[in-house]
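Hi everyone, thanks for coming. Let's take a walk through a structure together, and please stop me whenever a word is new.

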Amino acid sequence: MQTLRLVLAVAVSLALAPYAAAQESVRIGVVQPTTGPVAYDGNIYVNTVKMLVDDMNAKGGVLGRKIELVVEDGACNPAQSVNAAEKLVVRDKVVALLGAFCSTSTAAVMEVAKKHKVPLITGISTAAQLTEQGNPYFFRAVATTPMLGNAFGGVLPKAVKAKRFAFLVLNDDWGRSMAASYPKTIENAGGQVVATEFFQQSDLQFLSQITKVKAANPDAIVLAANTQQAVALSKQIRELGISVPLIGEGAWTSDSYIKLAGPASEDVYGLVEYVYTIKSPINEAFVKAFQAKLKENPSKFAGAAHNAISIMVDAIRRAGAADPEKIRDALEKTDYNGIVGNIRFDAKHQAYGQTVYLAHVKNGVPEVVETAQIAKP
Amino acid sequence: MSPSITILAQHLLNGVLIGCAYALIAMGLTMIFGVMNIANFAHGEFYMLGGFVAFYLVSLIGLNYFAALPLAVVVVVALALVLQHAIFRRLREAPMMTTTLVTIGLSIFLENFALLLWGPQPQSIPTPFATKPLSFLGVYTTPLYVFCMGVTVALIIVGHVLIRRTRMGKAMRATFQNKEAAALVGIRIDRIYAYAFAFGAALAAAAGAVLGGFIPVEPATGGIVTLKAFIVVILGGMGSFVGAIVGGLVLGLAEALGAGYMPSGWKDAIGFFAVILVLLFRPEGLFKRA
């Protein structure tokens, strides 16, 4: 009887715990892939958000309350991401969501956000159609691939001194929209696209595609891939005797990429939303804290995490209450100055105004060689 | 050589390189299936473990690359023997549904075990080979690729000889054909099971350790490896060694040439399309069970 009573007491207190905590802290839910094909980059995102929230809490949190993160694994899988988001909203009672990395997963989580009327920010998903759906609870704090293409496509021929471009991209929304949006601006600037090839998320070797690209004899290869595949791609491209510059959208200038790809990362250009060598006081402070805590330089996924959590907490502060509806209204009025400059949202909740970077890897260090500003769409 | 011939030669070379790897992995899978009647969905995880162990032996302990590869295989085989002893030995009479579910569970366990132990970061095994490509009439390869191909071909031959020419191989084949009859003539089925499982895991681990030099290994690698191995085994005929070897090469070449001369987004579809054709028109596979 004694034990039964104890068990009951524990069970009841466990069941009530979320409600008790909800009054004390502001809960933010994070849906990111901490397992699966992009787990490495997903974990960087999660660790960055955790680090920044710890720092914010040390400085008093928001609205005089502590911020509490609840992290769930979405595994870059739409179904699993939806389950994760449902759990965060229904069981953990989060007032805001960050997620969900892969565009397909974000598209799925957006519906959950809309259903439960909870604001959602993505810092990573770049598929253009996400913000075209007019979902009032969804905000994107990152430039879409077509926006990057518009900002940089025209600069590429001159910046990398190339005329004949080949595309070798991931066969998903991201890669497909890259292959659809960059060529126009590249051609306007006097370049031409001589080959377009795709690979799958699960591919580990790309020898056939690389051989095909090689046959087209390009002066530069444009790629879309996250860390795992970027490493294999750049090694295999060099191993098949192609020495032209590579231009990658994705994790192409991160520390882990440079370390894993080794010499194959030399003369690689990254078309990135963030690179750790940006010179600004706010970024330098972030890089310092990141190095101290996580023992590496922040990648673009860390930058994305910084943007997403900072914008969200800024909105909660301006909303004056941990109320999803008020936070959503405050997000619409965002005018945030962060590590990549100023960010605002347009009527479709697409971020604009921020700086994007073309970084060139030289002796293992990505140097910013060109910047552009994302125009209001 | 004219450019189109050079490109064709490059595709063929790529196809043979990958095909040999497929063959090596599939041989292990078909062996476990043939002898133990287990569809081992954790097979790719042995590949992943082989890659990771080799990586840690080379880069953290600083062991010589050529010593690390066989040692990694030994470590994975030891683990496989433990698993066989603890799990599969007890399931000898269990229906295939049960063992299949167990291997799926084991695969999830091993993947997450690796994730916990080593983190999600992909790793490339440092090799002593020069990274500079070798060119032969415009067809490119690297010393590492040549080494990989050499090792996989050698292992395929060794595996084949082991099964065809040794007493142990004979006992395995006898168990293949009829377990009860094999037991009746004095073959120790328990031991054959252990050998088959260890041998299968060894081939997968060897593939992982060798290919890890140019295909980064990460905890989630196992899934796709298992998938490819199953495609090969279904193509070649469940339980056929020659089938696994030929099936591996066929799949490698079909993917390389298919992706080379058709839109490359279809590369993975080619393997599945081949499987559907085989299942429709020759459900026993290209080769009958040995």
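When I say helix or strand, I mean DSSP runs, H or I of at least four residues for helices and E of at least two for strands, numbered from the N terminus. The peptide bond from A:Gly99 to A:Ala100 is cis, with omega near 5 degrees.

Before we go on, some housekeeping. This is a predicted model, where local features need pLDDT of at least 70 and side-chain atom pairs count only at pLDDT 80 or more, while totals for chains, interfaces and linings use all residues. Residues are numbered from 1 along each chain as its sequence is written, and chains are lettered from A and ligands numbered from 1 in the order in which they are written.

How confident is the predictor? The pLDDT is its confidence in each residue, from 0 to 100. Chain A has a mean pLDDT of 90, with 94% of its residues at 70 or more. Over residues 17–22 of chain A, though, the pLDDT is below 50, and beyond near neighbours in sequence this stretch has six contacts in the model. A contact here means that the C-beta atoms of two residues, placed from the backbone, lie within 7 Å. Where pLDDT is low, the predicted coordinates should not be read in detail. Chain B also averages a pLDDT of 90, and 99% of the residues score at least 70. For the model, ipTM is 0.75 and pTM is 0.78.

Let's stay with chain A. Helix H2 (residues 39–58) of chain A has 20 residues and reaches 28 Å from its first C-alpha to its last, close to the 28 Å expected at 1.5 Å a residue. That expected span is 1.5 Å times one less than the number of residues. After H2(A) comes A:Gly60, with a positive phi near 105 degrees.

In the loop between strand E1 (25–32) and H2 of chain A we find A:Thr34. Is A:Thr34 buried or exposed? A:Thr34 counts as buried because 22 other C-beta atoms lie within 10 Å. The rule is that a residue is buried with 20 or more other C-beta atoms within 10 Å of its own, exposed with 12 or fewer, and partly exposed in between, with C-beta atoms placed from the backbone. Not counting residues up to four places away in sequence, A:Thr34 touches A:Ala39, A:Gly42, A:Asn43, A:Val46 and A:Asp73.

A:Lys117, with phi of about 55 degrees, lies in the loop between H4 and strand E4 (120–122) of chain A. A:Lys117 has 12 C-beta neighbours inside 10 Å, so it counts as exposed. A:Asn217 has phi near 55 degrees and lies in the loop between helix H8 (207–215) and strand E8 (220–225) of chain A. With 13 C-beta neighbours inside 10 Å, A:Asn217 counts as partly exposed.

Over to chain B. Helix H3 (residues 65–86) of chain B has 22 residues and reaches 32 Å from first C-alpha to last, close to the 32 Å expected. The buried residues of H3(B), including B:Ala68, B:Leu69 and B:Val76, pack against helix H2 (43–59) and helix H8 (189–211) of chain B.

B:Gly243 lies in helix H10 of chain B, and B:Gly243 is buried because 28 other C-beta atoms lie within 10 Å. B:Gly243 and B:Ala23 are 220 residues apart in sequence, yet 8.9 Å apart in space, C-alpha to C-alpha.

Finally, how do the chains meet? In the model, 31 residues of chain B are in contact with 33 residues of chain A. Which element gives the most to the side of chain B that touches chain A? H1(B) does, with six residues. The residues on that side of chain B divide into 15 nonpolar, 12 polar and four charged. Here Ala, Val, Leu, Ile, Met, Phe, Trp, Tyr, Cys and Pro count as nonpolar, Asp, Glu, Lys and Arg as charged, and the others, Gly among them, as polar.

Conventions: pLDDT is the predictor's confidence in each residue, from 0 to 100.
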